[in-house]
Amino acid sequence: MKAYVFPGQGAQFVGMGKDLYDNNEKARELFEKANEVLDFRITDLMFAGTEEDLRQTAVTQPAIFLHSVILALTDPDFKPDMVAGHSLGEFSALVAAGALSFEEGLKLVSARAHAMQKACELRPSTMAAVLALPDEKVEALCAEVDDVVAPANYNCPGQVVISGTIEGIDAACEKLLAAGAKRALKLKVGGAFHSPLMQPAQEELAAAIEAAEFHTPVCPVYQNVDGKPHTDPAEIKENLLKQLTAPVRWTYDVQAMIADGADSFTELGPGNVLQGLVKKIDRSVATDGRQ
């Protein structure tokens, strides 16, 4: 069975999507539609902007979404048995699977990006990658810290990203290294994504998600909050909102997809991070990608 996966923030690069725009008429129409919806020419920043331009959350998220979704919508062979996306990528997966229209998905991604940016500015916060400790150990040590700090991304066995206040992350990293973590490395991000510190963003996005029209997808969407397949629009909406403050359970998504019959994973969008994570979760499945 064929699974398609869609990357999240951090996969962007200057020039992303340009070949698609130049060589595919339908892709060009969709990119131009996006410029209209967003009311600025995001394509200019994607194709010829600076790395600094692309690092702004309000640009990064819609840029990755557009690159990923347009690859799916212009691929005549795109016939997924199941889909999943990492964080932001979940929106790409939902549009690719027909649960959201292209325009509705783009509007939600843009609203999400702005809401997250505002939440980041309310309190100094960050994230850190932790290597070579069991998930349960990371959870237990984070719980011992007095400040806000919690697991944010379960990426693959032995790789968890934690999220919280700067003080909380510093204290947790100290504990994790003392407990035998191979690394506990602070990331260059502007905020504590997928943590309780995203509560203001969740509140801001709730009305937009509630107002959006969701449909039953053409295949199950494995969602980040529980690592389980979903097709019910009401459940999908609820899980999408929870995702802002809950951890991304990517390991569990991939394991569940494999248990349900996935034997090949295709990553659509910039970069190849998810292909690498899938291989670390289970070497027996085939992986490839298109960007």
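**Fold, burial and salt bridges in a predicted model**

At 70% relative accessibility, aspartate 39 counts as exposed (buried means under 20% relative accessible area, exposed over 50%, partly exposed in between, with a 1.4 Å probe and protein chains only). The structure is a predicted model, in which local features need pLDDT of at least 70, side-chain atom pairs count only at pLDDT 80 or more, and totals for chains, interfaces and linings use all residues. Residues are numbered from 1 along each chain as its sequence is written, and side-chain values use heavy atoms, with hydrogens and water left out.

Aspartate 39 sits in the loop between helix 2 (25–38) and helix 3 (42–48). Helices (H or I, at least four residues) and strands (E, at least two) are DSSP runs, numbered from the N terminus. The phi of aspartate 39 is positive, near 65°, and the residue is not glycine. Most residues other than glycine have a negative phi. Histidine 194 also has a positive phi, near 55°. Its place is the loop between strand 6 (183–186) and helix 10 (199–211). Histidine 194 counts as buried, because its relative accessibility is 4%.

The protein has 13 helices and 10 strands. Its radius of gyration is 18 Å, close to the 19 Å that the globule rule gives for 291 residues, so the protein is as compact as a globular protein of that length. The radius is taken over C-alpha atoms, and the rule is 2.2 Å times the number of residues to the power 0.38. Along the principal axes, the C-alpha trace spans about 55 × 40 × 35 Å. Of the 291 residues, 54% are buried. Contact means heavy atoms within 4.5 Å. Among contacts between residues at least 6 apart in sequence, 73% join residues at least 24 apart.

Helix 6 (residues 89–96) is largely enclosed by the rest of the structure, because 8 of its 8 residues are buried. They are Gly89, Glu90, Phe91, Ser92, Ala93, Leu94, Val95 and Ala96. The cover over the buried residues of helix 6 includes strand 1 (2–6), helix 5 (57–73), strand 2 (82–85), helix 7 (102–122), strand 7 (221–222) and helix 11 (233–242). Just after helix 6, glycine 98 has a positive phi of about 85°.

Serine 264 belongs to strand 9 (residues 264–268). It counts as buried, at 15% relative accessibility. Leaving aside neighbours within four places in sequence, serine 264 is in contact with Met1, Lys2, Ala3 and Ala286.

Side chains of opposite charge can pair when their charged atoms come close. The whole structure holds 13 salt bridges (a side-chain nitrogen of Lys or Arg within 4 Å of a carboxyl oxygen of Asp or Glu). Glu32, Arg41 and Asp44 are linked in a network of such bridges. Arginine 41 meets glutamate 32 at 3.0 Å, N to O. Arginine 41 also bridges to aspartate 44, with the closest N and O atoms 3.5 Å apart. Arginine 41 is partly exposed, at 39% relative accessible area. Glutamate 32 is partly exposed at 24%, and aspartate 44 is partly exposed at 43%.

Another salt bridge joins lysine 175 and glutamate 144 (3.3 Å, N to O). This pair links distant parts of the chain, 31 residues apart: lysine 175 lies in helix 9 (residues 166–178), glutamate 144 in the loop between helix 8 (135–143) and strand 4 (149–156). Lysine 175 is partly exposed at 32% relative accessibility, and glutamate 144 is partly exposed at 48%.
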